[in-house]
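This briefing sets out what can be read from the structure shown below. It begins with a charged pair and then moves to other topics.

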Amino acid sequence: MTGRIARRNAVTAYVWVMPGARRGKLIAALARAAIEFLSGPQRERLRACNAPRCVRYFVKSHGRQEWCKPSCGNRARAARHYQRHNATTAQELPGP
């Protein structure tokens, strides 16, 4: 397996290049692992992240876990604070 730098649509990335047979084995191994995970007991712990604009899924490791990573938790707390602050400010404004 070798790597090279590739540029596509103004984005530069490091790309792994591997022969077709090895690529097929890798895809088969990933598919097998996904099937085992989704048909096993851990699927009950699979959760979607509750943070705004996050599309990740994670395996819940403890009872109170709501986010896939700490930065998502921080984003969710900041969004709640912003909503509370703006709601309070809007109620304090005098009406016409």
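Arg43 and Glu44 are joined by a salt bridge in which the closest N and O atoms are 3.8 Å apart. The model is a predicted one, and a search of the whole structure finds one salt bridge.

**The charged pair**

**Overall architecture**

- The chain contains two helices and four strands, and their order along the sequence follows the pattern β-β-α-β-β-α.
- Of the 96 residues in the chain, 11% are buried.
- The chain has an accessible surface of about 8300 Å², and carbon and sulfur atoms account for 57% of that surface.
- When contacts between residues at least 6 apart in sequence are considered, 6% of them join residues at least 24 apart.

**Cysteines**

- The structure holds zero disulfides.
- Cys54 takes part in no disulfide, and the nearest cysteine sulfur to Cys54 belongs to Cys72, at 3.6 Å.
- Cys72 is likewise in no disulfide; for Cys72 the nearest cysteine sulfur is that of Cys68, 3.6 Å away.
- A disulfide is a covalent bond between the sulfur atoms of two cysteines.

**The loop between S4 and H2**

- Gln65 lies in the loop that runs between strand S4 (57–59) and helix H2 (70–92).
- Is Gln65 buried or exposed? Gln65 has a relative accessible area of 17% and is buried, because the term applies under 20% relative accessible area.
- The side chain of Gln65 reaches the backbone oxygen of Trp67 at 3.4 Å.
- Setting aside neighbours within four places in sequence, Gln65 is in contact with Phe58, Val59 and Lys60.
- Gly63 is also placed in the loop between S4 and H2, but Gly63 is exposed, with a relative accessible area of 66%.
- Between Gly63 and Arg45 there are 18 residues of sequence separation, and their C-alpha atoms are 9.8 Å apart in space.

**The loop between S3 and S4**

- Arg53 is found in the loop between strand S3 (46–48) and S4.
- The phi angle of Arg53 is near 65°, which is a positive value in a residue other than glycine.
- Arg53 counts as exposed, at 75% relative accessibility.

**A nonpolar surface patch**

- Which residues form a nonpolar patch on the surface? They are Leu38, Leu46, Tyr57 and Val59, with about 370 Å² of accessible area together.
- One of these residues, Leu38, is found in helix H1 (residues 20–39).
- Val59 belongs to the patch and is also among the residues in contact with Gln65.

Key
Residues are numbered from 1 along each chain as its sequence is written. This is a predicted model: local features need pLDDT of at least 70, side-chain atom pairs count only at pLDDT 80 or more; totals for chains, interfaces and linings use all residues. Side-chain values use heavy atoms; hydrogens and water are left out. Patches are made of residues with over 30% relative accessible area and no salt bridge: like charges are joined within 9 Å, nonpolar side chains (Val, Leu, Ile, Met, Phe, Trp, Tyr) within 5 Å. Accessible areas come from the Shrake-Rupley method with a 1.4 Å probe; for residues, only the protein chains shown count as cover. A salt bridge is a side-chain nitrogen of Lys or Arg within 4 Å of a carboxyl oxygen of Asp or Glu. A disulfide is a pair of cysteine sulfur atoms within 2.5 Å. Buried means under 20% relative accessible area, exposed over 50%, partly exposed in between (1.4 Å probe, protein chains only). A polar contact is a pair of N or O atoms within 3.5 Å; within protein, one must be able to donate a hydrogen and the other to accept it, and residues adjacent in sequence count only if both atoms are side-chain atoms. Contact means heavy atoms within 4.5 Å.
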